[in-house]
Amino acid sequence: PRTDWCDALCYLASIEAGDGKRIEAAIVLPDVEGYAADQIELIAPVGIREALNLADGDAITIHVEQGER
């Protein structure tokens with residue numbers, strides 16, 4: 001009922017930097033009208049850029065967990 005909340009699909013994932021360092025994360029796909037279909041949100045319990053030493057334009061690999069946990 002709150003205007004700043006929305007439904008979303010969420011997936012367990014991890015983010016891997018080019019040097020092989022990896023952190024746990026989640027993918028959040030908000031169910032919001034007009035939300036870009038080619039955009040995802042990544043959240044993690046730590047600062048992603050700092051934990052993986054990332055700069056703008058650095059490539060990452062996103063691993064999506066499958067099955068139940």
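**Legends to views of a predicted chain**

**View 1. Contacts along the chain.** Counting contacts in the chain between residues at least 6 apart in sequence, 41% join residues at least 24 apart. The model is predicted.

**View 2. Order of the elements.** Read from the N terminus on, the elements follow the order β-β-β-α-β. The C-alpha trace of the chain spans about 40 × 30 × 20 Å along its principal axes.

**View 3. Surface and burial.** The chain has 69 residues, and 19% of them count as buried. Its accessible surface comes to about 5500 Å². Carbon and sulfur atoms account for 50% of that surface.

**View 4. Charged side chains.** The chain carries 5 positive and 14 negative side chains. The centres of the two sets are 7 Å apart.

**View 5. S14 in its strand.** S14 belongs to strand 1, which covers residues 8–17. The relative accessibility of S14 is 1%, so S14 counts as buried; the cut-off for buried is under 20%.

**View 6. Surroundings of S14.** Leaving aside residues up to four places away in sequence, S14 touches R22, I23, E24, A25, T61, I62, H63 and E65. With R22, there is also a polar contact between the two side chains, at 2.8 Å.

Notes
Residues are numbered from 1 along each chain as its sequence is written. This is a predicted model: local features need pLDDT of at least 70, side-chain atom pairs count only at pLDDT 80 or more; totals for chains, interfaces and linings use all residues. Side-chain values use heavy atoms; hydrogens and water are left out. Helices (H or I, at least four residues) and strands (E, at least two) are DSSP runs, numbered from the N terminus. Buried means under 20% relative accessible area, exposed over 50%, partly exposed in between (1.4 Å probe, protein chains only). A polar contact is a pair of N or O atoms within 3.5 Å; within protein, one must be able to donate a hydrogen and the other to accept it, and residues adjacent in sequence count only if both atoms are side-chain atoms. Contact means heavy atoms within 4.5 Å. Accessible areas come from the Shrake-Rupley method with a 1.4 Å probe; for residues, only the protein chains shown count as cover. Lys and Arg count as positive and Asp and Glu as negative; His and the chain ends are not counted. The place of a charge is taken as NZ of Lys, CZ of Arg, CG of Asp or CD of Glu.
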